[in-house]
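Okay, thanks for coming, everyone. Let me put the structure up and then walk you through it.

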Amino acid sequence: MKKKLLLVFALIMAMTLVACGGKTDDASDTSDKGDNKKQEKEFDAAALVNELKSSIKYESELEMVEAGEISNYVDLEDGVEATLYLSNGTTAEEIGVFVCKDKATADKMLENVKSYLSDQSESFKNYIPKESDRIEGGVVEIKNNAVIMCISGDSNKAKEIINKY
């Protein structure tokens with residue numbers, strides 16, 4: 001069931017990215033803006049999430065948050081396509097990819113994610129202090145107008161995976 005749900009989600013994400021890619025075959029467009037659209041279209045958020053989830057060892061099982069529920073955790077900017085996986089609460093392990101329509105939206109989303117993680121870190125300080133340290137050492141960055149968050153025990157591996165995309 002989880003594999004089918006993951007496959008359906010990956011297909012939906014792929015169709016969304018293709019639909020939002022815009023027309024890039026205009027021969028008269030030789031500006032950097034056209035190159036940016038091409039790079040954004042090639043960014044595969046679903047593949048990144050899958051690789052982060054399958055290539056890094058997590059202490060607890062990560063569960064996908066339904067799209068309509070993500071805003072209960074992280075403030076979403078308009079037009080952001082979000083994917084979020086959370087642990088069961090015994091660890092701070094998480095994966096989040098927030099695909100934004102432009103750099104300005106990505107910058108705002110980065111601040112929202114950092115604010116969310118700051119709140120998470122504070123709540124874990126008294127609950128499970130080592131998890132607060134895990135959050136502080138996590139990976140949060142912007143790549144291809146997407147905010148990528150990976151809180152795991154292996155930040156180096158997470159950075160290595162993210163750099164491939």
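Let me start with a term: buried means under 20% relative accessible area, exposed means over 50%, and partly exposed is in between, using a 1.4 Å probe and protein chains only. This is a predicted model, so local features need pLDDT of at least 70, side-chain atom pairs count only at pLDDT 80 or more, and totals for chains, interfaces and linings use all residues. Residues are numbered from 1 along each chain as its sequence is written, and side-chain values use heavy atoms, with hydrogens and water left out.

Now, a lysine. K143 sits in strand β4; strands here are DSSP E runs of at least two residues, helices are H or I runs of at least four, and both are numbered from the N terminus. A salt bridge, for us, is a side-chain nitrogen of Lys or Arg within 4 Å of a carboxyl oxygen of Asp or Glu. K143 is buried but has none, and the nearest side chain of opposite charge, E141, is 5.2 Å away. On charges, Lys and Arg count as positive, Asp and Glu as negative, and His and the chain ends are not counted. So what does K143 touch, beyond its neighbours within four places in sequence? Its contacts (heavy atoms within 4.5 Å) are F43, I148, I162, N163 and Y165.

Next, the pairs that do form. There are 8 salt bridges in the structure. One of them joins K130 to E59, with the closest N and O atoms 3.8 Å apart. That pair links distant parts of the chain: K130 is in helix α5 (residues 129-136), E59 is in the loop between α3 (45-55) and β1, and they are 71 residues apart. Both K130 and E59 are exposed.

E131 and R134 also meet in a salt bridge, at 2.8 Å from N to O. These two both lie in α5, 3 residues apart, about one turn of the helix. Are they buried or exposed? E131 counts as buried because its relative accessibility is 0%, and R134 is buried too, at 11%. Salt bridges with shared partners tie E59, E93, K130, E131 and R134 into one network.

D107 is partly exposed because its relative accessible area is 32%, while K103, at 52%, counts as exposed.
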